[in-house]
Amino acid sequence: MQFVKQENPGIVTRKNEKWWKMLAAIIVCVLLVKTFGVTSCFIPSSGMENSLYKGEGVLINKWAYGLRIPFPSLFGYHRIGKGVIERGDIVLFNNPDPIQQNTSLENRDLFISRCVGLPGDTLMLNCELMNSGMQSFSPDSKSLYAYPSEKEDLMLRLLKNVGLDDNMLVGYTKNGNYIRSFSHYEYYIISQKAENQIKLTLLDKEQKGTTYPFIIPRKNKSVPVYPWNIVLLCNTITFHEQKHAEIRNHTLWVEGKPVDSYTFHKNYYWVASNDPVNLVDSRLFGFVPEDHIIGKVWRIWFTSQKERFFQCVQ
């Protein structure tokens, strides 16, 4: 008969307590870092290619523009420290126009886009708020190109050959040509491989529509009301300035008074996706208030491309 030495139950209990305490300490540390330092998120779509690819995980520096105090809906909007958002920064922010307007700020969906307009800037936009000119701020921005439908088989072979076989068809022109979106670099390598076998036509040159100046609101600065910006200003005043605003007979009324200009109490920003087909940017939800901005996209921590691991996001 073999005797097995049993461990003292008291020792086992103390060991278990030690592990539980260690696990609890790790969880607390992670939560503190995510709340007060660096958080992470995954890119859900192709809207920011080629800066960020769908499925990549990125780290967000919450101190880049000053740390936004957690739970602003409870404690008000405050920042510890101060940083300047620069044109071209890729930022993480809360949805400025959620379906449920009473959703607390910290519980709104998160978006990532490139800042292309700063407080006080003037952007030339058409009446649909679609501005191809803002693409010049982004080196990885994409444009729409059309090509003959009979060249589709050749295009598919070229895309596979250069590793862009996930580039999807986005639409058709009125005369039946196919449309795809390419960055400047993608257009270059496709053109080189095609060797003049496919003619790619830049659709931006064919786009028509009158453009108008849109002033991005700056704190304590007055913005004139024009027919082309009246709806955008009315929505911004209602949802973000917390004032009653409405449009009556083509005139903007604020707090029951007609106005031809409005002085804003916050700084606002205009953000855009790299891909013009992706509308999850200011063309959809308008200006982004400063209190909605969480931090700057910093580094890539998860990716299928080894050379991109822990790259600094530009």
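Both Arg180 and Glu152 are buried, where buried denotes under 20% relative accessible area, exposed over 50%, and partly exposed the range in between, computed with a 1.4 Å probe and with protein chains only. The side chains of these two residues, Arg180 and Glu152, form a salt bridge at 2.7 Å from N to O, the term being used for a side-chain nitrogen of Lys or Arg within 4 Å of a carboxyl oxygen of Asp or Glu. Arg180 belongs to strand S10 (residues 178-183) and Glu152 to helix H3 (residues 152-161), so the pair ties together parts that are 28 residues apart in sequence. Helices (H or I, at least four residues) and strands (E, at least two) are taken as DSSP runs and numbered from the N terminus.

The model is a predicted one, in which local features need pLDDT of at least 70 and side-chain atom pairs count only at pLDDT 80 or more, whereas totals for chains, interfaces and linings use all residues. Residues are numbered from 1 along each chain as its sequence is written, and side-chain values use heavy atoms, with hydrogens and water left out.

Under the salt-bridge rule, the count comes to seven. One of the salt bridges joins the side chains of Asp121 and Arg87, at 2.4 Å from N to O. Asp121 is found in the loop between strand S6 (110-117) and strand S7 (122-126), and Arg87 in the loop between strand S4 (79-80) and strand S5 (90-94), so this pair ties together parts that are 34 residues apart in sequence. Asp121 counts as buried, at 18% relative accessibility, while Arg87 is partly exposed, with a relative accessible area of 39%. A further salt bridge links the side chains of Asp281 and Arg283, at 2.9 Å from N to O; here Asp281 is buried with a relative accessible area of 0%, and Arg283 also counts as buried, at 13%. In general, side chains of opposite charge can pair when their charged atoms come close.

Strand S10 also takes part in an open sheet of four strands, which has the order S9-S10-S8-S11 and antiparallel pairing, two strands being regarded as paired if DSSP finds at least two bridges between them. The edges of this sheet are strand S9 (171-172) and strand S11 (201-202), each of which pairs on one side only. Strand S8 (residues 142-147) and S11 run antiparallel and are joined by two bridges, with Ala146 standing opposite Thr201 in S11.

Another antiparallel pair is made by S14 and strand S15 (residues 251-254), which are joined by four bridges. Glu246 stands opposite Trp253 in S15, and in the hairpin of S14 and S15, which has two residues between the strands, Asn249 takes a positive phi near 50°. Within H5, the residues Ile230, Leu232, Leu233, Cys234, Thr236 and Ile237 are buried. The buried residues of H5 pack against several strands, including S14, S15, strand S12 (211-215) and strand S18 (268-272).

The loop between helix H5 (230-239) and strand S14 (245-248) contains His240, which counts as buried at 7% relative accessibility. The side chain of His240 reaches the backbone oxygen of Pro96 at 3.4 Å. Among the residues that His240 touches, leaving aside those up to four places away in sequence, are Pro96, Lys266, Tyr268, Phe287 and His292, a contact meaning heavy atoms within 4.5 Å.

Gly47 and Asn274 are 227 residues apart in sequence, yet their C-alpha atoms are 6.0 Å apart in space. Not counting residues up to four places away in sequence, Gly47 touches Ser273, Asn274, Asp275 and Asn278.

Phe302 lies in strand S20 and is partly exposed, with a relative accessible area of 42%.

Definitions and conventions. A polar contact is a pair of N or O atoms within 3.5 Å; within protein, one must be able to donate a hydrogen and the other to accept it, and residues adjacent in sequence count only if both atoms are side-chain atoms.
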